[in-house]
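Colleague: I have not looked at this one before. Can you walk me through it?

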Amino acid sequence: MTKVARSQKTQAKASAAPKNTGAARKAATKKDATPAPVTAPVLLTPATLPKPVMAGRDFLSNLDMTAAELRAVMDTAHSMKRGEWRAVKPLAGLSIALVFEKASLRTRTTFDVGMYQLGGHAITLSNTEIGLGTRERVSDVARNLERWVDAVMGRVYLQQTLQELAQHASIPVINGLSDMLHPAQLLADYQTIEEEFGTDLRGRRVVYIGDGNNLANSHIHMGILTGTDVTVVTPVGYEPNAGVLMDAVRAGVNITLTNDLAAVQGADVLYTDVWISMGQEAEADIRRRAFQGYQVTPEMLDTIAPDGIFLHCLPAHYGEETVPEATEHPKSRVFDQAENRLHAQKALMYHLMGDLKPRW
């Protein structure tokens with residue numbers, strides 16, 4: 001099949017099929033349901049753009065925003081997904097540096113494409129080129145980048161690296177992933193959850209199962225912001241970070257920690273992540289033994305709420321934390337979730353950078 005033929009096929013499928021959102025899926029299950037009429041999005045103009053709510057700030061943690069600011073970012077993400085921003089380029093003339101110590105598919109692609117769609121430019125810098133903390137001090141890298149670009153996104157090993165970049169750079173620094181937190185991912189996750197359950201998520205049961213890693217930590221932070229009932233199910237010794245748990249205590253929010261797999265039952269959202277993250281390969285055998293029984297399977301999905309959904313940030317290590325039959329299950333929203341990385345991160349960049357003017 002030629003590229004032209006593939007393009008025509010893609011366009012035909014897009015025009016013939018409704019968007020694969022939770023609402024569309026639910027409507028499709030109703031007998032004799034009349035398809036909702038397709039209406040063109042109301043396009044925003046420069047005069048009708050929302051005011052950026054986090055202008056010039058860093059985003060190293062979901063708790064770097066208030067609940068009201070999160071609501072603004074989520075509303076923008078939904079609006080962008082509906083196509084309402086197609087006529088505006090609010091970040092025209094601006095640039096972002098994408099700094100990678102770790103390999104990336106979703107983070108690199110979505111930040112790069114997102115910046116392009118908003119009218120700006122992204123430059124990708126691998127650690128081979130920069131050598132954060134080895135070839136150059138992190139503080140020196142920050143002081144250089146702030147002279148050339150308007151924001152930095154870092155996908156790094158250590159949260160401390162991002163904190164040091166933010167300390168020494170006068171431009172916004174975004175956490176694209178660290179050992180401690182993965183806040184940009186959680187924006188996409190909660191956009192996906194809102195597509196299923198609406199914007200008022202108070203009391204919805206979000207159950208995270210597996211390693212108490214950066215995803216588990218960020219789920220706790222989002223529980224603080226949204227009022228979801230967060231349960232983290234881990235083997236003994238693999239619980240979330242104690243400092244993150246103290247964030248919940250200080251906020252007066254109850255987070256359930258358990259080793260009991262029965263906690264999965266009735267969940268509105270079941271979420272998992274890899275058992276062995278990049279940099280933990282030496283622990284692989286120990287971790288596989290510790291996490292036996294914590295694999296998300298179609299049988300486990302049968303025990304969550306009838307309208308419950310399954311999420312995984314990807315990449316999946318099939319045969320470990322999940323199986324292909326789970327990510328392809330009717331309750332899976334894994335690939336909607338991956339798509340929403342684009343929309344949520346575009347919304348984040350807009351609210352951090354939307355007040356900036358090109359310096360050249």
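Predicted model: local features only at pLDDT ≥ 70, side-chain atom pairs only at ≥ 80, totals over all residues.

Colleague: What is the order of the strands in the open sheet?

Modeller: The order is β7-β6-β5-β8-β9, five strands with parallel pairing. At the edges are β7, residues 256–258, and β9, residues 309–312, each of which pairs on one side only.

Colleague: How many degrees are neighbouring strands turned against each other?

Modeller: On average 20 degrees, with direction ignored.

Colleague: Take β5 and β6. Over how many bridges do they pair?

Modeller: Five bridges, in the parallel sense. Strand β5 covers residues 205–209 and β6 covers residues 229–233.

Colleague: And which residue in β6 does Arg205 stand opposite?

Modeller: That is Asp229.

Colleague: Which helix packs on the sheet, touching β5?

Modeller: Helix α8, residues 183–197. Besides β5, helix α8 touches β8, residues 269–272, and β9. The direction of α8 makes about 165 degrees with that of β9.

Colleague: Changing topic: what share of the residues is buried?

Modeller: Of the 360 residues in the protein, 54% are buried.

Colleague: And the accessible surface, what does that come to?

Modeller: About 16700 Å², and carbon and sulfur atoms account for 55% of that surface.

Colleague: Last one, on contacts between residues at least 6 apart in sequence. What percentage join residues at least 24 apart?

Modeller: For the protein, that figure is 77%.

Key:
Residues numbered from 1 in each chain as written. Heavy atoms only, no water. Pairing = 2+ DSSP bridges. Helix = DSSP H or I, 4+ residues; strand = E, 2+ residues; numbered from the N terminus. Axes fitted to C-alpha atoms, helices over the stretch in contact; angles between N-to-C directions. Contact = heavy atoms within 4.5 Å. Buried < 20%, exposed > 50% of the residue type's maximum accessible area, 1.4 Å probe, protein only. Areas by Shrake-Rupley, 256 points an atom, 1.4 Å probe, with all protein chains shown as cover.
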